[in-house]
Amino acid sequence: MRRIFSFLGSILAQFAYVVGVRKAVTLDNLALAFPELSSAKIHTIARRSFANLGKVFLEMVYLRFAPKRSVSGGIQLINPEDVLAAEGLGRGVILLSGHLANWEWMGLGMGLGLERDLGIIVKNQKGNFSERFLNTMRARFGNRIINAGDVRAVFQALQNNELVALLGDQAAPDNSIRVPFFGREVPTFEGAARFALRTRAALFVVECRRIPSGNYEIMFHPLDYSDLTGATEPEVKVLTARHTAQLERIIRARPDQWLWQHKRWKHVV
């Protein structure tokens, strides 16, 4: 059943690409990020990125109702022992990622694979049908939803030695900290760095990748910041730049599995 959803999603996405839904944004983003690539190569990555996005959308419907064994069976954690060892330090764990492969499957799969209920930090909770659908899906196996605006709840979770997960690749407000991303200084959300520096929680950049079987693999990349001793603005910027650079390396390895359809560089002149 999951493969049917995935196949139909890729077909739907190709139709969206042909009719031009966010096609111009995608091509502009790719050309900006990879100026060395030919137009033909840019279009190839764009088409594959649309196919990935289509799979994600219809797999979300599958994830909302699929049994636990099917969800956990579709994902493999490569190095979960690193996260569990970090949890043993007692200061909480921050799992930071981006819109890679299927980020919703990643959230569910990490909780199941680690056998821990995660605090999923989400933004823009509007209370509409789509948000209710997504949050019900995200929390159906024990994860809980934390509003990104509820800073106290995030700090409390880390102080309780919990694992919190968030995405850090969206376009941030124009007045946010700017760090390099694909050769340009872009406004970037600083929450992950600020939470880490204030609590000394372990920080991992999480890589999700779709493999040829159609399943997913998760790799946890620990981010060392032992040289940063406070939560000053310069140190927040340094740590934000570090996790953004790690995310860029992951995207460069599999650019067709990232969400190029959003305006990540909209505040860059």
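This section describes the overall fold, the nonpolar core and the aromatic pairs of a predicted model.

The protein comprises ten helices and nine strands. Its radius of gyration is 18 Å, close to the 18 Å that the globule rule gives for 269 residues, so the protein is as compact as a globular protein of that length. Taken along the principal axes, the box filled by the C-alpha atoms is roughly 50 × 45 × 35 Å. Of the 269 residues, 52% count as buried. Among contacts between residues at least 6 apart in sequence, 77% join residues at least 24 apart.

In soluble globular proteins, nonpolar side chains tend to be buried together. In the present model, the largest nonpolar core contains 84 residues. The residues with the most contacts inside this core are Ile94, Leu95, Met110, Ile218, Phe220, Leu239 and Trp260. Helix 3 (residues 39–65) contributes the largest share of the core, namely nine residues.

When residues up to four places away in sequence are not counted, Phe220 touches Leu77, Asn79, Pro80, Val83, Leu95, Met110, Leu114, Phe204, Val205 and Val206. One of these residues, Asn79, is located in the loop between strand 1 (75–77) and helix 5 (80–87). The relative accessible area of Asn79 is 7%, which is under the 20% limit, and Asn79 is therefore buried. Its side chain forms a polar contact of 2.9 Å with the side chain of Asp82. Apart from neighbours within four places in sequence, Asn79 is in contact with Ile218, Met219 and Phe220.

The structure holds 16 aromatic pairs. In one of them, the ring centres of Phe155 and Phe195 are 5.0 Å apart and the planes stand at 85 degrees, so the pair is edge-to-face. This pair links distant parts of the chain, with Phe155 in helix 8 (residues 151–159) and Phe195 in helix 9 (residues 191–199), 40 residues apart. Both phenylalanines, Phe155 and Phe195, are buried. Phe204 and Phe220 also form an edge-to-face pair, with 6.4 Å from centre to centre and 85 degrees between the planes. Here Phe204 lies in strand 8 (residues 202–210) and Phe220 in strand 9 (residues 216–222), 16 residues apart, and the pair again links distant parts of the chain. Phe204 and Phe220 are both buried.

Definitions and conventions
Residues are numbered from 1 along each chain as its sequence is written. This is a predicted model: local features need pLDDT of at least 70, side-chain atom pairs count only at pLDDT 80 or more; totals for chains, interfaces and linings use all residues. Side-chain values use heavy atoms; hydrogens and water are left out. A nonpolar core is a set of buried Ala, Val, Leu, Ile, Met, Phe, Trp, Tyr and Cys residues joined through side-chain atoms within 4.5 Å. Buried means under 20% relative accessible area, exposed over 50%, partly exposed in between (1.4 Å probe, protein chains only). Helices (H or I, at least four residues) and strands (E, at least two) are DSSP runs, numbered from the N terminus. Contact means heavy atoms within 4.5 Å. A polar contact is a pair of N or O atoms within 3.5 Å; within protein, one must be able to donate a hydrogen and the other to accept it, and residues adjacent in sequence count only if both atoms are side-chain atoms. The radius of gyration is taken over C-alpha atoms; the globule rule is 2.2 Å times the number of residues to the power 0.38. Rings of Phe, Tyr and Trp (its six-membered ring) pair if their centres lie within 6.5 Å; planes under 30 degrees apart count as stacked, over 60 as edge-to-face and the rest as tilted.
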